[in-house]
Amino acid sequence: ETLLVATQRCTPVISAFIEYYQKRCEDKKLLNLALKEDTTDNIIRLVSNRIYGIGILHYTSDQESSFLHKCRSVDLETHLLEVSPVVAQVRYGHPLANRKSILVRELRPYPHVTFADEDINYCSDVSQYNPSILEKRIVIQDRGTLRQIVDCTDSYYVGCDFTRFSTPACSRVYIPLEDVPFTLNTLWVK
């Protein structure tokens with residue numbers, strides 16, 4: 001059994017990867033599974049050069065035309081998986097956790113957690129670091145650190161709404177940003 005997946009950081013992809021293994025691979029004598037987290041351009045390169053079989057990518061709806069053009073220019077097939085509102089991910093005890101929706105400016109008193117290699121080529125970054133509008137940020141390198149910081153502080157992360165993928169033990173709340181005029185789209189490419 002072989003499955004090679006290149007993906008942006010995306011918890012549901014890991015869950016699907018585990019489910020694939022459990023349903024199709026546990027009793028296999030030969031197994032070649034790979035899950036690589038990488039940037040948009042590297043994922044497109046890995047899949048278009050047939051190093052990885054499929055890629056999972058995010059882009060914002062306002063960047064759709066340029067993103068799809070980039071994929072087509074290297075002969076990738078695209079398949080939409082999910083359209084998500086842009087949300088702030090916060091812990092259950094966060095001061096904003098009980099809100100149905102919030103405005104971007106309401107996040108300003110709290111630290112914004114972002115990846116050091118945040119990939120915004122095809123994503124409009126809602127709270128791109130700008131000291132005049134965003135005074136607090138925490139820069140991290142991996143998803144595990146992101147989870148711990150968001151789960152244990154009053155910080156937030158901006159991303160997709162993964163509510164339907166959350167497990168009962170999940171300690172995060174996803175709050176839609178009502179003043180963001182675009183969605184986050186997830187697709188797979190081959």
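The expected span of a helix is 1.5 Å times one less than its number of residues, where helices (H or I, at least four residues) and strands (E, at least two) are DSSP runs numbered from the N terminus. The model is predicted, so that local features need pLDDT of at least 70 and side-chain atom pairs count only at pLDDT 80 or more, while totals for chains, interfaces and linings use all residues. Residues are numbered from 1 along each chain as its sequence is written, and side-chain values use heavy atoms, with hydrogens and water left out.

**Exercise 1.** Find what span helix α1 should have, and compare it with the model.

*Solution.* Helix α1 takes in residues 11–24, which are 14 residues. At 1.5 Å a residue they should span 20 Å, and because the end C-alpha atoms are 20 Å apart, the two values agree.

**Exercise 2.** Determine which residues of α1 are buried (under 20% relative accessible area, with a 1.4 Å probe and protein chains only), and what covers them.

*Solution.* The buried residues in α1 are Pro-12, Val-13, Phe-17 and Tyr-20. They cover an arc, taken from the directions from the helix axis to the C-beta atoms, of only 145°, which puts them on the same side of α1. Their cover, judged by contact (heavy atoms within 4.5 Å), includes β1 (2–7), β2 (32–37) and β3 (54–60).

Methods. Buried means under 20% relative accessible area, exposed over 50%, partly exposed in between (1.4 Å probe, protein chains only).
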